[in-house]
Amino acid sequence: MSKSDKKSELRGPFEQGDLFESQSEAGWETAGGTSRIAKRAELLSRLQEQRTLTVGIMDKISDYGSLGRAFQEVRRNQGAGGVDGVTLAMYEQDLTVQLTGLHDQLRQGNYRADAVRLVEIPKPNGGTRRLGIPTIEDRVVQQSLLNALQPIYDPYFSEYSYGFRPGRSAHQAIERAAGYVLGGKTWVVDIDLKSFFDEINHDRLMSRLNKAISDKSVLKLIRNYLRAGLMQDGLVRQRLSGTPQGGPLSPLLSNIVLDELDRELEVRGLSFARYADDCNIFVSSKRSAERVMSSLIQFIEEKLKLKVNREKSGVRRCDQVKFLGHTIEQNGKIRIADASVDRLKFKIREVTKRNRGLSLEQIIAQVNRINQGWAVYYRRCNTWLSTFRDLDRWIRKRLRCYALKQHQRRYATYRFLRSLGVVEYQAWNAVMYYSWWPMANYRPVMKAMGLQWFAEQGLRSIVVIQAGKS
């Protein structure tokens, strides 16, 4: 036996496999030169084609028809007004005049974006999500920009990128991730970009846009949006970085920024799926995952000028990771992530607060909308389906408690329970010895206000919606 054979035998099958993976997944350091040259040539060709397609594209963006279509899309998406207080209804009242003025300003190059109204949305797990609400007029211009630029950029984006792209969805990203896991890549490099939309480097983004867009007036307009201030509590402050979520153009700009990350991952031969700033990389061993994690953090922070949240990032087994609200088990099955269940409960608690003063019918209508959207989004889940049944039971308890509290006084509640068929002594026991939440869990009350009763009230079951996959 040769020395090399003895050495391989001593290493054992696991370490040999890890070495092979090291060469295939991190081989970009030595064998990736040819791949990088090919990618560079492809990039130059793509940029040349994009520059050709964007010659004089401002004429298309500022066209009356383009602006009219953009307004229709803005109206369809709804949303509140911006810092000028102008609502969609107000803007539409004199739409022809508004679009004519917009057309003239864009053609003459003197259009200026207003400040963005900053809104902070509370998260279920604490903290807030920052949304920037542009004015209606700015949203129309951004939408027209998006409509013109998306067809030029989108065909060149990575096939592993799924966020904010026509014909692509979160479900496709999840299914691709499940395919990686089913193929044995059960370790995940889970990198969380810290306040991604707020940290995008303006100069770097404009440099990338400048390579593909030949129309200088379009570049000037985008720079104008990036520099627009943020208004919070009546004060406007200058924005030095970022493109706040809330404007129609922000998703495309985010994909342009992160396309560079996609290309880097492709050159390295890594298996990944990305939806906006949520990107998971799948590998076969913890050792390789840690190596990939270390080098990617360096690339993201030094090359892309973005910040990695080290507290939330890490190397984990696939069944310990939340990807787009889902968790993939080691057998490739998909379940709802624990955090997603918590988020749903947070929403339901907000809707079913007992001091809202709405009728039970109105509350059920709101719950139905949440249930419908939630069940449809998680329709790809094919394991731990008992979670849906548990949530249905919990929602009924919340609604049962709301319905009981509506009667407020003991005797009124007693009469309500008797009308539902609860026997006399059990109805008295309920109102005399139980507060609202325990009363909602009292067996005779649960039986009287059970599945059939709630179905009669119009409540839609998550289990039924999810089972129908519609």
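**A helix pair and the cores**

Mentor: The crossing of α12 and α13 is right-handed. This is a predicted model. Helix α12 covers residues 250-267, and helix α13 covers residues 286-303. Their axes come within 12 Å. They cross at roughly 145°. From α12, the contact uses Glu260, Leu261, Glu264 and Leu265. From α13, it uses Leu296, Phe299, Ile300 and Lys303. By class, five of the contact residues are nonpolar and three are charged, with no polar ones.

Now go to the loop between β7 (278-283) and α13, where serine 285 lies. Is serine 285 buried or exposed? Serine 285 has a relative accessible area of 6%, and the cut-off for buried is under 20%, so serine 285 counts as buried. Its side chain reaches the backbone nitrogen of serine 288 at 3.2 Å.

Next, the nonpolar cores. In soluble globular proteins, nonpolar side chains tend to be buried together. Here the largest nonpolar core has 68 residues. Leu209 and Ile222 have the most contacts inside this core. Helix α7 (residues 136-153) gives the largest share of the core, nine residues. Look at isoleucine 222 itself. Another core, of 59 residues, lies apart from the largest one. Its members include Ala170, Ala178, Val188 and Ile363.

Note on methods: Residues numbered from 1 in each chain as written. Predicted model: local features only at pLDDT ≥ 70, side-chain atom pairs only at ≥ 80, totals over all residues. Heavy atoms only, no water. Axes fitted to C-alpha atoms, helices over the stretch in contact; angles between N-to-C directions. Helix = DSSP H or I, 4+ residues; strand = E, 2+ residues; numbered from the N terminus. Left-handed = near helix turned anticlockwise from the far one by under 90°. Contact = heavy atoms within 4.5 Å. Nonpolar A, V, L, I, M, F, W, Y, C, P; charged D, E, K, R; others polar. Buried < 20%, exposed > 50% of the residue type's maximum accessible area, 1.4 Å probe, protein only. Polar contact = N/O pair within 3.5 Å; in protein donor to acceptor, adjacent residues only side chain to side chain. Core = buried A, V, L, I, M, F, W, Y, C linked by side-chain atoms within 4.5 Å.
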